[in-house]
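Reader: Take me through one part of this slowly, please. I'd like a close look, with the cut-offs spelled out as you go.

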2 protein chains.
Amino acid sequence: MNGSALTVDLVGSGNVAFHLAQRFSKVGVLLRSVYARDLSKIKTFPSGCAPLPFDDLHAHDATVPLIIAVSDDAIPAVAGKIPKNCTVLHTSGSVPLDALPQSKRGVLYPLQSFSHAQEIDWTDLPLIIEASEDETGTHVDQLANQLSNRVVTLTSQQRLHLHLAAVIVNNFVNHLFGLSAGYLESKQLPFDLLQPLIRQTAEKIVNMTPVAAQTGPAKRNDQTTIKRHLDMLENHPDARAVYELLSQQIIRLHHER
Amino acid sequence: MNGSALTVDLVGSGNVAFHLAQRFSKVGVLLRSVYARDLSKIKTFPSGCAPLPFDDLHAHDATVPLIIAVSDDAIPAVAGKIPKNCTVLHTSGSVPLDALPQSKRGVLYPLQSFSHAQEIDWTDLPLIIEASEDETGTHVDQLANQLSNRVVTLTSQQRLHLHLAAVIVNNFVNHLFGLSAGYLESKQLPFDLLQPLIRQTAEKIVNMTPVAAQTGPAKRNDQTTIKRHLDMLENHPDARAVYELLSQQIIRLHHER
C-alpha cells in the first residue's frame, strides 16, 4: 500500500489464505511473506512469497500491511503478537473490527465458502470492508477493489448480520443436501440425479424473491402428500423433524396471513 | 411414435406443458394438439399445435400418444376422460403409474423445477421413465432420449423416494433462502450479496459429499457463536427454530458418532 504496486503480508495457511494468495498473484498485488504455523503448507502457495514462522510476527515490519486469515478463534492471539504500530486486517465475517488491538485496523471479509480444491470466481465476489480510520480505510478500499468488482463497506454489526444470513444459506442448506443424500442412499438411488434441480433452485432466486419462488406440497397445503412423506421418513428422524418444522412454517407463511 | 418423426399430443397449459412443448419444437418431436382448460394460455406455446378443449379428450385418436402435464391432483380425472385404448403418459414425480387406467401407460417425469420465465437446460435434465409393458416402454424411452441425454428407468416407488428427496433440496432449501432474506431485509441489508455463496454451495457438492462439504459454527461445535446467533434471531422465531434444530442435528452428526 506504499508505492505503485500494493504490497501485503499474510498470516495463515488455510483455504482463505491460499485463495487470497492466488488472487494477489493474479491481479498483481505483491505478496511479500506468509506467516504460518505449519510452513510446509505454504508450498502450494504461488511462488515468490517468503514463508515465515509465527514467532516472527512480533518483529513484523510496520511498512507492509498484514492480513490475518486464520480461524476466528485464533484471531485475538495472532493479532496480539503483532506490533501495535502495524496496519492489520482480518478476514472474518463475525469477529468485530475492535478485536484487533492495533490502531490502524481493518476488515476484508470475502463473503464466500472456500475449499482448497475449488476455484473461486472473484469478479463478483462481495468483499465486505471496514476500517478504524480514514487512511487505513483508503488502503483497504484500494486493495479490495483490486481483488473484486463488488466492494461494500459495512459496520461490524452489519457484517455480523450478513454472516448469520450466510450460515443459513450455506451451512444449513448444505445440511439439507446431506439429509436428502442420506435418504436416497438408503434407497440405493444416486444423489447426483438432483444436481440440476439444486442448481436451478439456486439460480431461480436471482430474478425472483424466495417467497415468490416457493413451490411444493407445503406451499399448496397438500396434507395428503405431506402425510405420506412423513410416513416415508419414519426411519429418518432428522429428515422427518426438518420436514415437519419447515412444512409447518411454509404453510403458515403462505396460508395464514 | 409411428412413422419417422415422433408425434405426440399434450394435456395441460402450465409450466411443465409449456416447457415440454418448447423442447418438442426444438428437437423435432411433432406436437399435434394441446388440450387445455384455458385455451388462451396456448398462445404462448410454439406455433403449429392445435388447441383443443378438455371436453374433446373422450374422443382422443388412439394413434397418437397423449402426455398429461397437469397438477398431480387433476391426473386421475383427466386420465379418466381418455379412451382406454390410448397410450397415455403422465409427468408427475409422485403419482403412481397405475393411477392411469389405460393398459398402455407410462411416466415421463422431468426432475426439475419449471417456471414460465426461466429457461431450462434439457441436455442433462434427468428424465425418470416407467411403462406398463414393453411396447409402451420402448416408445417412452425413444421419446425421452430425444429430449435429454439423461434417461433413467425407475419404479413408481423409487420415483416417490426421488420426489421426496427433491422436495428437501428444492422446496425446503428455498424456504431457508426466504428465512435468510427476511432476516437481512429486517436489517436493511441486500439479500443479493449472498448470491455467489448460494451458487458455490450448490456447486460444491458436485465433487464432494454434503457431509464432507459441511462447515460452520455447528460443524465446529462453536457454542459461543451458536448462542450469539440464537440471541440475534430473538425476533425471528421461524429462523430461530430452524437454526436450533439444524445446529443440533449437525453437531450430533459430526461430534457424537
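**From the outside in**

Author: A:P237 counts as exposed because its relative accessibility is 57% (exposed means over 50%, buried under 20% and partly exposed in between, with a 1.4 Å probe and protein chains only). Bear in mind that this is a predicted model, where local features need pLDDT of at least 70, side-chain atom pairs count only at pLDDT 80 or more, and totals for chains, interfaces and linings use all residues. Residues are numbered from 1 along each chain as its sequence is written, chains are lettered from A and ligands numbered from 1 in the order in which they are written, and side-chain values use heavy atoms, with hydrogens and water left out.

A:P237 sits in helix 8 (residues 237-255) of chain A; helices here are DSSP runs of H or I, at least four residues, numbered from the N terminus.

Beyond four places in sequence, B:L176 is in contact (heavy atoms within 4.5 Å) with residues including A:F172, A:L176 and B:L246.

As for the two copies, chain B superposes on chain A by a 180° rotation with 0.0 Å of shift along the axis, at RMSD 0.0 Å (least squares on C-alpha atoms with pLDDT of at least 70 in both). They are thus related as by a two-fold rotation axis. In chain B, the C-alpha nearest that axis belongs to B:V173, at 2.9 Å. The copies meet through the same surface, since 100% of chain B's interface residues are also interface residues in chain A.

Notes: Helix = DSSP H or I, 4+ residues; strand = E, 2+ residues; numbered from the N terminus.
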